[in-house]
Amino acid sequence: MDAFEEAFADASIAGRLGHFLVVVGVEYPHTRRFAERLARIALCQGKERRPCDTCVSCSVSLTLNPDYFFRSGIEADGLGIDDAKEFTRFGSMHSMLGGWRVVLIEGADHLNSSAANALLKTLEEPAPQTMFLFSAHTRSRLPETIRSRAMFFRLPLVARDSGEQASPDTTEDIVEKLNAYPSGQALDTVLSDWQRALQVRLRATLDGAASTPRVLGDIASLWKHIAEARKRVHANVNPRLIVESLLARSYA
Ligand SMILES: [Zn+2]
């Protein structure tokens, strides 16, 4: 468990959990697993430890938990007003298992503006014991109305306890730079910084407890996409096309 998860679990046990949190992270499967771990903590009813692995909420899988609602804006190719109404309806229902309810929206930067507007009232006056947990690629892509109401947690690219010097660029910095569509040489520099940051992360992962084949696979596949993108830069492909296909792939 990392420091943020511990603080989140402490807040949950103390009954001080907020109602709206956005997790920002560029590596989509990693961000999703992190958000799911937070959801398990929020749903848990353990008195001393969360997740406790023994309470009624912990004893069912997340997908079967009646107090958990998941929707992906990435898989669904965008989220519209009907989705927003569905989240609101779910969020206003009573808890089935007696604890908190969690609405996890993956890729909240894929909410269109009418969906974001439809969610405003719910986010401003959430039902008791209900948490809206969003994940997003980057903070700047979220509608302003959402941005101004959320608490944010940005997933570090590099494990904090690695003892390594982190890359000066955070994941979000890199994505911001990509979203500015740098041309040729500048794009290559951003991509090479990203590879360097991944290298540091890979070393930290290999040294740490988080070293599962899946995490390593995620890093390797992102690395491969970046390497392919750099080849395309060198072949003078339109930088905008390169950036768009890279951002789409790092979600896939
Ligand atoms: Zn539990």
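A cis peptide bond joins Arg50 and Pro51, with omega at about 0°. This is a predicted model, in which local features need pLDDT of at least 70 and side-chain atom pairs count only at pLDDT 80 or more, while totals for chains, interfaces and linings use all residues. Residues are numbered from 1 along each chain as its sequence is written. Helices (H or I, at least four residues) and strands (E, at least two) are DSSP runs, numbered from the N terminus.

- Most residues other than glycine have a negative phi, and most peptide bonds are trans.
- Asp53 is found in the loop between α2 and β2, and its phi is near 70°, a positive value in a residue other than glycine.
- Asp53 is exposed, as 11 other C-beta atoms lie within 10 Å; a residue is exposed at 12 or fewer such neighbours, buried at 20 or more, and partly exposed in between, with C-beta atoms placed from the backbone.
- Gln129 lies in the loop between α4 and β4, and its phi, near 55°, is positive in a residue other than glycine.
- Gln129 counts as partly exposed because it has 17 C-beta neighbours inside 10 Å.

**Two domains**

- The domain assignment gives domain 1 (3-155) and domain 2 (167-250); such bounds come from an automatic or database domain assignment.
- The C-alpha centres of domain 1 and domain 2 lie 27 Å apart.
- Twelve residues from domain 1 and nine residues from domain 2 take part in the contact, where two residues are in contact if their C-beta atoms, placed from the backbone, lie within 7 Å.
- On the side of domain 1 that touches domain 2, helix α2 (residues 28-43) gives the most, with three residues.

**Helix α3**

- Helix α3 (residues 81-92) has twelve residues, which at 1.5 Å a residue should span 16 Å, and its end C-alpha atoms are 17 Å apart, which agrees; the expected span is 1.5 Å times one less than the number of residues.
- Asp83, Ala84, Phe87 and Gly91 are buried in α3.
- Seen down the axis of α3, the buried residues fall within an arc of 100°, so they line one face of the helix; the arc is that of the directions from the helix axis to the C-beta atoms.
- Asp82, Arg89 and Ser92 are exposed on the other side of α3.
- The buried residues of α3 pack against β2 (68-72), β3 (101-106), α4 (113-124) and β4 (130-136).

**Nonpolar cores**

- A nonpolar core is a set of buried Ala, Val, Leu, Ile, Met, Phe, Trp, Tyr and Cys residues joined through C-beta atoms within 7 Å.
- The largest nonpolar core has 36 residues, and Ala39, Ala42, Val102, Ala108 and Leu133 have the most contacts inside it.
- At least two residues of this core come from each of α1 (3-13), β1 (20-24), α2, α3, β3, α4 and β4.
- The largest share of this core, six residues, is supplied by α2.
- Ala39 touches Leu62, Tyr68, Val102, Leu104 and Leu133, not counting residues up to four places away in sequence.
- Another core, of 17 residues, lies apart from it and includes Val175, Trp194, Ala197 and Leu222.

**Ser192**

- Ser192 is found in helix α7 (residues 184-207).
- With 13 other C-beta atoms within 10 Å, Ser192 is partly exposed.
- The C-alpha atoms of Ser192 and Ala116 are separated by 35 Å, and these residues are 76 residues apart along the chain.
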